[in-house]
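Here are my notes on the model, as numbered points. They begin with the contact between two of the chains and then turn to single chains and residues.

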Amino acid sequence: MPAPAEYRLVFKHIDEPGYTNDIECYLRHGGYEQLKKAFTMKGPDIVNEVKASGLRGRGGAGFACGVKWGFIDPTKNTKPVYLICNADESEPGTFKDRQIIHKDPHQLIEGMVIACYANNVHLSYIYIRGEFPLGAKILEKAIAEAKAKNFLGKNILGSGYDLEIYVHRGAGAYICGEETGLIESLEGKRPYPRIKPPYFPAVLGLYMCPTIVNNVETLCDVKHIIAMGGANYAKIGKPNNTGTRLIGVSGDVAKPGYYEFEVGSLTLGQLINDVCGGIKNGRKLQAVIPGGSSSKVLRAGEKYKIKEKQADGSMIDKEIGLEDIPMDFDTMAAVGSMSGSGGVIVIDDSRDIVSCLANLSEFYAHESCGQCTPCREGSLWMKKITRRLADGHGRLEDVALLKSVADNIAGRTICAMGEACSWPVQSFVAKFKNEFEAKGRAGKGPAVAATNGH
Amino acid sequence: MSCKNPFNHDITPADAPLLNVQVDGQWVQLPRGLNVVEAAKRVGKFIPHYCYHPKLSISGNCRMCLIEMGTPKMGPDRKPIIGADGKPEIGWIPRPQIGCATMISEGMGIRTDSPMVQDCRKGVMEFLLINHPLDCPICDQAGECKLQEFSVEYGNEDSRFVEQKVHKPKQVDIGERIVLDDERCIMCSRCIRFSREMVNDDVLGFTQRGSHTTLAVHPGKRLDNNYSLNTVDICPVGALTSKDFRFKMRVWFLKETKSICTGCATGCNILIGSRENVVHRLTPRENELVNSEWMCDQGRLGFHYIHAEERLLQPTARVNSTTLPVAWDDAFAQIRDRIKSYKPEQIAIIGSARMTNEELFLLAELRAGLGGNAVLTDVVPRTGEADGILRSADLNPNTAGAKLFQISNDGKNLAAIKDGIESGRIKVLYALHEDPVGDAGLSEFALAKLDLLITQKLLKSHSTDIAHFSLPGASFAEKRGSMINGAGRLQRLNKAIATPGQTMDDFEILLKLRSTITGGNSLHTIEEVFKAVAASIPALSGLSLSKVGDLGVEVAPAAATVTT
Amino acid sequence: MSATCHDTQDHVELKPEFVAHADELISHYPVSKRSASLPLLHFWQETHGYISNQAVEWIAGKLGLNPIQILELVTFYPMFRQHPAGKFQIKVCRTLSCQLGGAYELREHFMKKLGITKVDEHGLGISADGKFSVEFVECLASCGTAPVIMVNDDFYEGVSHTQADELLQKYN
Ligand SMILES: Cc1cc2nc3c(=O)[nH]c(=O)nc-3n(C[C@H](O)[C@H](O)[C@H](O)COP(=O)(O)O)c2cc1C
Ligand code: SF4
Ligand code: SF4
Ligand code: SF4
Ligand code: FES
Ligand code: FES
């Protein structure tokens, strides 16, 4: 079956010839009309629309946005409520938010103002990763433009509602994407993720006040939910997997790039083979990391048992191959991975799979904040083992050791980085056992390293 | 509570409702407000932990306290499902949770030692050890190190780590009194939280990140506050060590004696660590009503004088310009013979608010024997600035006792004593634990005018040199007795080491001097003296030293109302 | 791996405009000045090149913090430098998609061209004339156009070795 056409909602104007990132262009394309519409609604009604839309967070965890907002009841608390846009985009393989920030920043601003208005927020920040200096400038300019036109600031469009948005730049730390690490960073502290309980952002977030953290894409979706109504938005995609999804494909495909599809409308096989022109240089698929580097790897040729809902509501068991996996939250979870941040990394059969894991393990060791024992110590240990294996200094027993170290991290840490660093290890080692064992067997064993334990 | 801790996770209000909690299969009732570590502790189950400290904020970083927990299973009616044993059925959470940050709740289940929990601990222990130096034998913390202790109990047998360890700064001089070994630090952040939350001196921090995270002070800044050594106490490993105590003595050789600090009117409860009649360190001993788990550095380090070279070890008598050793009994007899001829107005006593109640009581009795209130008496007040944490503005430990026995006149008599001596009206001075010159402000010239100068103190000085009798007394570590702190709490001192040389416990000196001068003695032991004290003071009636106990008893405000 | 700041930089006089802009940045955080730590660090580094001891102390003073609280951040975030780096700082993305796209070879190419043989403990190498520095960074969120690099604030995608040579010319 050929791949369905793209469904461009958030990416509607991205790369459209003649479309620029200034407010005049945005206004010519119907910009800020949804904000005006939102102001005709009451905050809780907007929250209800978002609930009805079924929108799930696009930052990685896929948590229902309306439910998250529902935790905050501005009528019931006396503290201010804050909203933070998570523009840290640091999950390897993910490159969607960058497009919005650079090419259509007002879409994000409009979505944010609506979200802030809905949740009675008067002070909001965009936390943008430090490596997006241009993006930060573009957003600052967009904010200034929006303010000049009174889409932001005091008494927005005569509604009596005030809102300030500021851009806050990170400085090169993946952990600032984790929402409580982000909050600590924004407070000017080391971005040590907070323990939950008790520090759930919805209760004790920024400055110990209720706080909503949403991804860039999620906030853009809010604008479209207002435009079409929650119920209509929910008709896009599949039940519990509604809307569209931005997908970025990188690695060994002929046409890497970013796309937007109805959630679950196409399979992984269609994405790789039809949309992205198949594996590069006539090679074969070896593995796919389907939802950012933290998601568990899928191996070419694997079979998965899933349950599929029939039209009449009944469930049937089904066995599918990697190519047949529909790109939605629930199926990706059912095959043992996740759709995560929408970053698909494709690895062809010429690649040394052990080196691929070593690369990722190095990333996590570098990015562990070091606060809690298992991730701090384990991530570096896994990096060292995988590096040795990849460089010919492995031992056969390293394979079991690697798995055991990962098992001792996942589920025992302060934040989800524990899973993020151990899932790749667990899945690579389990699914490519022969490759790892071969490396171990052929290895010379540890040499005395010359570095200071890096 | 006299000590304002930022947190008290181990204390719940008396009226906290009781919750039904299942701990390792047993249903127990525990007050709401406890976390799992404290709840388990109350039923005798120890959950190992590093970063958690009951008096500091919870950071949850070490992951040593991981436990298995569950909540009551709910039926379709949203009510707990009751099992065959009549108790709620528990739905166990498949992921371990940290006990330090998990509050107990009604119907909760806790497993402190299940296979999952054991596996977690083993994992965490291994992680903590892979980059840790393996040189416990030369580490100063050996014997008190939680890493060593827990690794034996919860760890793996063999190391699976064949990589190179991370190297970090060693022997970093981070403060006047403290050395840091970053390679031993397990990054539990206790010291950082203590400095920030308890002392409001945020000088410690972590630099770098990940496995290279390094505890540091900012260049040019120091961990020098008056509570810095508490960080050494709470550091679970040998990363922070006291320069004063470092490598001086293996802790397992130390005998620990429960006593109190005599550095100020707070009277922090302490342990005196000694070996073979030498005091090696003082450490705080928990007393929520006084000092919680802390003490100040000044108090902690203020004990070295007891082993000073100038320590007087021998009673002496001076005849003309020669000072010679004298036997105690001879000294007492000679003092009696010489003092008899003076009228009460010609005698003055400078006592000390550093003396114990028992000593002060005996001194008051002696004074009565010498003529009572006509004998001008006072103590030397010492004031500093209260720091809002522990240290009191009153730097004497027993001002309340000195008042109670009417030895103290708040220092107001000191001038009259000085005048009296200078004008020749006062001919005899008995000064105890205060130096007439150095402490009480008399001049050497005045002292020279005295017919009879008796000093009773620890350290040699000009005054003891020229005294007609120098009676070497005992330090706080060498005696038993009681004091009343600034808050009106009666507390005990205990004897950790023997009195050195020929020195004598002050209560005994006073007892003997009194019986020699006034005749008759029915008191022999410190208990008996205390009994007599208690009998004479209504606020203390019915008390005995053993009833005072390790934590003391509140006797104010009654004690403050002085009876005759 | 020392926690110290390096005062290779002479004490800099701060211009009134600098202070005024710092105050403007602080005003973005009406709830807590401390939040302005990162913005002030960025601003200092953009203006003066790297974070000196003076910077740490000035920012701490400005925000009513203890200097260690700023040093904690400077040493945590790789973007902040305690030493001067090259005038043109080449950051090569190292992470998986870029590795697959030839990032390691690209970095090697830069190093060779610039004659850099030594790197510091963070992997930063500086050319002898101090003009260029080369380092690996983690995923720059442009994985579909690997390998990607940044030269100072400018961003380049799909960089071939020929393009790399051209960039070295361009930034000369
Ligand atoms: C280690 C780690 C890194 C993360 N990085 C990002 C990120 O770069 N961008 C993002 O939007 N969410 C990131 N997240 C997820 C956030 O914690 C949070 O769930 C998300 O911002 C919520 O927004 P959403 O509900 O709109 O998805 C990360 C999570 C973890 C554990
Ligand atoms: S899991 Fe890793 S990143 Fe998260 S708090 Fe612990 S050490 Fe930091
Ligand atoms: S020095 Fe000790 S108390 Fe401080 S963080 Fe390290 S291990 Fe914990
Ligand atoms: S506060 Fe007073 S009693 Fe407590 S340790 Fe310090 S000097 Fe001793
Ligand atoms: S004691 Fe609970 S995590 Fe450290
Ligand atoms: S891996 Fe290089 S940009 Fe993502």
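**Notes on the predicted model**

1. Two salt bridges are found by the rule across the interface of chain A and chain C. E46(C) forms a salt bridge with R169(A), and the closest N and O atoms of that pair are 3.2 Å apart. This is a predicted model, and side-chain atom pairs count only at pLDDT 80 or more. With both residues at pLDDT 80 or more, 18 residue pairs are in polar contact between chain A and chain C.

2. Which elements of chain A give two or more residues to the side that touches chain C? They are the strands β2 (121-128), β3 (164-169), β7 (244-251) and β13 (343-348), together with the helices α7 (133-148), α8 (179-186) and α14 (353-367). The most comes from α14(A), with eight residues. By residue type, the side of chain A that touches chain C divides into 28 nonpolar, 15 polar and 15 charged residues.

3. On the extent of this interface, 58 residues of chain A are in contact with 40 residues of chain C. The two chains bury about 3800 Å² between them, and 59% of that area is on carbon and sulfur atoms. Three residues, A171(A), R190(A) and N359(A), supply 16% of the area that chain A buries against chain C, which is more than any other three residues supply.

4. Chain C itself has seven helices and five strands. Along the sequence they follow the pattern α-α-α-α-β-α-α-β-β-β-β-α. The C-alpha atoms of chain C fill a box of roughly 50 × 35 × 30 Å along the principal axes.

5. How much of chain C counts as buried? The figure is 58% of its 172 residues. The accessible surface of chain C is about 7200 Å², with 51% belonging to carbon and sulfur atoms. Of the contacts in chain C with a separation of 6 or more, 60% are between residues 24 or more positions apart.

6. Over all chains, a search of the whole structure finds 84 salt bridges. One of them joins the side chains of K147(A) and E164(A), at 2.7 Å from N to O. K147(A) lies in helix α7 of chain A and E164(A) in strand β3 of chain A, so this pair ties together parts that are 17 residues apart in sequence. The cut-off for buried is under 20% relative accessible area.

7. K433(A) counts as partly exposed, at 45% relative accessibility.

8. In chain B, the side chains of D506(B) and K479(B) meet in a salt bridge of 3.0 Å, N to O. Why does this pair tie together parts that are 27 residues apart in sequence? The reason is that D506(B) lies in helix α13 (residues 506-518) of chain B, while K479(B) lies in the loop between β21 (469-472) and β22 (481-484) of chain B. D506(B) counts as buried, at 0% relative accessibility. K479(B) also counts as buried, at 4%.

9. Salt bridges also link residues of chain A into a network, made up of R58(A), K96(A), D97(A), E217(A) and D221(A).

10. The last point concerns V222(A), which lies in helix α10 (residues 216-228) of chain A. V222(A) counts as buried because its relative accessibility is 0%. Which residues is V222(A) in contact with, leaving aside its neighbours within four places in sequence? They are L55(A), W69(A), G111(A) and I114(A). V222(A) and V47(A) are 175 residues apart in sequence, and their C-alpha atoms are 9.8 Å apart in space.

Key:
Residues numbered from 1 in each chain as written. Chains lettered and ligands numbered in written order. Predicted model: local features only at pLDDT ≥ 70, side-chain atom pairs only at ≥ 80, totals over all residues. Heavy atoms only, no water. Contact = heavy atoms within 4.5 Å. Buried area = accessible area lost by both parts, 1.4 Å probe. Salt bridge = Lys/Arg side-chain N within 4 Å of Asp/Glu carboxyl O. Polar contact = N/O pair within 3.5 Å; in protein donor to acceptor, adjacent residues only side chain to side chain. Helix = DSSP H or I, 4+ residues; strand = E, 2+ residues; numbered from the N terminus. Nonpolar A, V, L, I, M, F, W, Y, C, P; charged D, E, K, R; others polar. Buried < 20%, exposed > 50% of the residue type's maximum accessible area, 1.4 Å probe, protein only. Areas by Shrake-Rupley, 256 points an atom, 1.4 Å probe, with all protein chains shown as cover.
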